[in-house]
Amino acid sequence: MIRQRGILGFLLLVGFLTAAHAQENLPMTVRGTLQAVCADPEGFQWAVTDAGEILRSADGSAWTVFDFNASYEGYYPQMDFRAVAAGGGSVMVAGLDAGGHLGVYTSSRGTVWSARSLEYSEAGERGVLDITPVSLGYDPLRDSFFLCGTQGTLFEMPGCSHCNRLTRYPTDTLYVRVQAGFNALLLGSGGFRKVIEP
């Protein structure tokens, strides 16, 4: 258990230090506090803030800021972004609106954003995911984005927006999914668990 907490602590610390370093290099036009940072295979770095800003950089020093809330005012709800991931030619952001409801958006270049469907089927019933997001990741082997969050949630979002898959684990919060081939190491509030995925 001590080792499990150590691994989780290390991963969260790396994420915090990366975010803190990026925060130092952000332009003064950023209003919010940096929440998450990621890099995509094409070499771009992405970041999101709690004021609904989406940032992009080619070198980690010069950042462009896209104000999602101002650009989509009246069309999408005002967002407090918490997570970002990139891969497969897309970037995805997740956060909460003013009512505390989950919103996930995707883009191919970071200039035009579309809401991602959060519908899923479970035991023949249709549902819509509504949790607090903690992290996003992209798995190139499955060509899917994975959202981790409260209620032990792992939510897979492949290219097909009607093929979302929900898995819940017996933990309060699932913090991160780390893939290695078809194995997934799930880090949650109760420690971690290795899962073999099909």
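In this predicted model, Glu 156 stands opposite Arg 165, a residue of strand β14. The two strands concerned, β13 and β14 (residues 165-168), pair in the antiparallel sense over four bridges, where pairing requires that DSSP finds at least two bridges between two strands. Together β13 and β14 form a hairpin, with six residues between them. Strands here are DSSP runs of E with at least two residues, while helices are runs of H or I with at least four residues, and both are numbered from the N terminus.

The model is predicted, and local features need pLDDT of at least 70, side-chain atom pairs count only at pLDDT 80 or more, and totals for chains, interfaces and linings use all residues. Residues are numbered from 1 along each chain as its sequence is written, and side-chain values use heavy atoms, with hydrogens and water left out.

A search of the whole structure finds 12 aromatic pairs, a pair being two rings of Phe, Tyr or Trp (its six-membered ring) whose centres lie within 6.5 Å, with planes under 30 degrees apart counted as stacked, over 60 as edge-to-face and the rest as tilted. Two of the pairs that involve Phe 68 are set out below.

| Pair | Centre to centre | Angle of planes | Class |
|---|---|---|---|
| Phe 68 and Tyr 72 | 5.0 Å | 45° | tilted |
| Phe 68 and Tyr 105 | 4.7 Å | 55° | tilted |

The pair of Phe 68 and Tyr 105 links distant parts of the chain, since Phe 68 belongs to helix α2 (residues 68-71) and Tyr 105 to strand β7 (residues 102-107), 37 residues apart. Both Phe 68 and Tyr 105 are buried, and Tyr 72 is buried as well, with a relative accessible area of 13%; buried means under 20% relative accessible area, exposed over 50% and partly exposed in between, for a 1.4 Å probe and protein chains only. One aromatic cluster is formed by Phe 66, Phe 68, Tyr 72, Tyr 75, Tyr 76, Phe 81 and Tyr 105.

Ala 123 has a phi near 55°, lies in the loop between β9 (119-122) and β10 (125-128), and counts as exposed because its relative accessibility is 80%. Asp 143 has a positive phi of about 50°, lies in the loop between β11 (133-139) and β12 (144-149), and counts as partly exposed at 43% relative accessibility.
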